[in-house]
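Please open the structure in your viewer and keep the selection tool at hand.

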Amino acid sequence: MSASTLLSLEENCHVPRARDRGDVFLSVPAKNAAARAISSAAYGIVTDPRIYITPKLLSAYVNIHSLLNRPQSLPEVFQLYASKPFPKPKTSPLQFTTPNPNKPTAHIPISVADTALSAAIRTKDLSLCFDIINHSVCTRAFQYHKLLRRAFIPISGAVLAPFAIYKLALELSGHLSNMDAAVATDVLFAGILAYVGFTATIGVVAVTTSNDQMDRVTWASGTPLRERWMREDERMLIDRVAGAWGFPQRSKRGEEEGADWEALREWIGMRAMILDRTELMDGME
C-alpha cells in the first residue's frame, strides 16, 4: 500500500475529539473546587437545624462523600444522625425535641458504615477509621437494633417453648396405656425439654464461636459468647482495617511495622481482640 493511500485513509477516518463529542474535562484545581462546593452544600443541608436527617438522607450524604473521597465529616454526621434535635411540627416559633441517641431507630445501618469505612481506608487515615467504627457499630443504638432484629424471635421461641412442649407432652400422654397420665406427662415434658434445650445450646455455641469469617482479627480468650455475637460487626470492620494496613501477601503477615501499625495493634488489644493470633497464622498450627 502506497504512502498516498495511507494518508487518504487517515483523512477519511476522522476521530471525534473531546470538544466534538461535547465532553468537558476539568483541571485538577477545578475538580477540587467542585468537590469542596458539593461537600459544603451537603454538609450545610444535614447541619441545618430545620432539617431532620432521615436514613435515606444519611445514606445519600455518605455515598456523596465517598464518591468525592472526602469522608472527614462522616463521624460528626453519624453523631448528628443520632442526637440532632428535630423540629416539632406545627410550632411557631419553631420548637425542637431532643432525641434519645440510644434508641434502636438511631442506629447507623451496617451498609452505610461499611461505605464510610471504605472511603476512610482509601484516604489512608487510620484515626478516621477508628472514629467511623466508634460512631457506627459500637453505639448502644446499633447493639439494641441488632438485639431486636436478630435475637427477638429466638428469645421469644425460648420463652414459649416450655408451654408448647407441655401441651405436646399432655397430648402424647393420652396415647400411653401402660403408665399413669400425670407421670407420663412429666416424663415426656422433661425429656422433650431436655432435648430441645441441649440442641439449642449446641446451636448457640456453634454460632457464637464460629471463626471462618475471621481473617486477621480474632477474639481474645475469655471474651463472653454473648459479647462476641453482639460485637461481631465491630470485629468485622476492624478486620477490614487491619487487612488494608497490613501486607496483602499471607506469607508476609506478622512483618508489618511502623507507628500506624503499632497504634492499630494497641487499639485492637484494648477492645478484647487480638491482631494476628500466632497459632492461627500460616505455618504456626
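How many helices and strands are there in the protein chain? The protein chain has twelve helices and four strands; helices (H or I, at least four residues) and strands (E, at least two) are DSSP runs, numbered from the N terminus. This is a predicted model, in which local features need pLDDT of at least 70 and side-chain atom pairs count only at pLDDT 80 or more, while totals for chains, interfaces and linings use all residues. Residues are numbered from 1 along each chain as its sequence is written, and side-chain values use heavy atoms, with hydrogens and water left out.

**The whole chain**

Of its 285 residues, 29% count as buried; buried means under 20% relative accessible area, exposed over 50%, and partly exposed in between (1.4 Å probe, protein chains only). Among the contacts (heavy atoms within 4.5 Å) with a separation of 6 or more, 63% are between residues 24 or more positions apart.

**The nonpolar core**

Next, select Leu58, Phe78, Ile133, Val241, Trp245, Leu264 and Ile268. In the largest nonpolar core, which has 39 residues, these touch the most other members. A nonpolar core is a set of buried Ala, Val, Leu, Ile, Met, Phe, Trp, Tyr and Cys residues joined through side-chain atoms within 4.5 Å.

Now centre on Trp245. Which residues is tryptophan 245 in contact with, leaving aside its neighbours within four places in sequence? They are Ile121, Lys124, Asp125, Leu126, Cys129, Asp260, Trp261 and Leu264.

**Helices α6 and α11**

Two packed helices are described by the angle between their axes and the distance between the axes. Select residues 110–122 for α6 and residues 232–245 for α11; their axes come within 11 Å and cross at roughly 20°. Axes are lines fitted to C-alpha atoms, for helices over the stretch in contact, and angles run from 0 to 180 degrees between N-to-C directions. Helix α6 is therefore roughly parallel to α11; angles under 35 degrees count as roughly parallel, over 145 as roughly antiparallel, 65 to 115 as roughly perpendicular and the rest as oblique. On the α6 side, the contact is made by Ile110, Ala113, Asp114, Leu117, Ser118 and Ile121. Helix α11 contributes Asp233, Met236, Leu237, Arg240, Val241, Ala244 and Trp245.

**Helix α7**

Move to residues 126–134, helix α7, where Leu126, Leu128, Cys129, Phe130, Ile132 and Ile133 are buried. The elements covering these buried residues include α5 (74–83), α6, α11 and α12 (259–269).

Keep α11 in view as well: the axes of α7 and α11 come within 11 Å and cross at roughly 170°, so α7 is roughly antiparallel to α11. Here Leu126, Cys129 and Ile133 of α7 meet Glu234, Leu237, Ile238, Val241 and Trp245 of α11.

Select Lys124, in the loop between α6 and α7. The phi of lysine 124 is near 60°, a positive value in a residue other than glycine. Most residues other than glycine have a negative phi.

Asparagine 69, in the loop between α4 (55–67) and α5, also has a phi near 60°. At 38% relative accessibility, asparagine 69 counts as partly exposed.

Finish at glutamine 95. Where is glutamine 95 found? Its place is the loop between β1 (86–87) and β2 (96–97). Glutamine 95 counts as partly exposed because its relative accessibility is 42%. Not counting residues up to four places away in sequence, glutamine 95 touches Phe86, Pro87 and Lys88.
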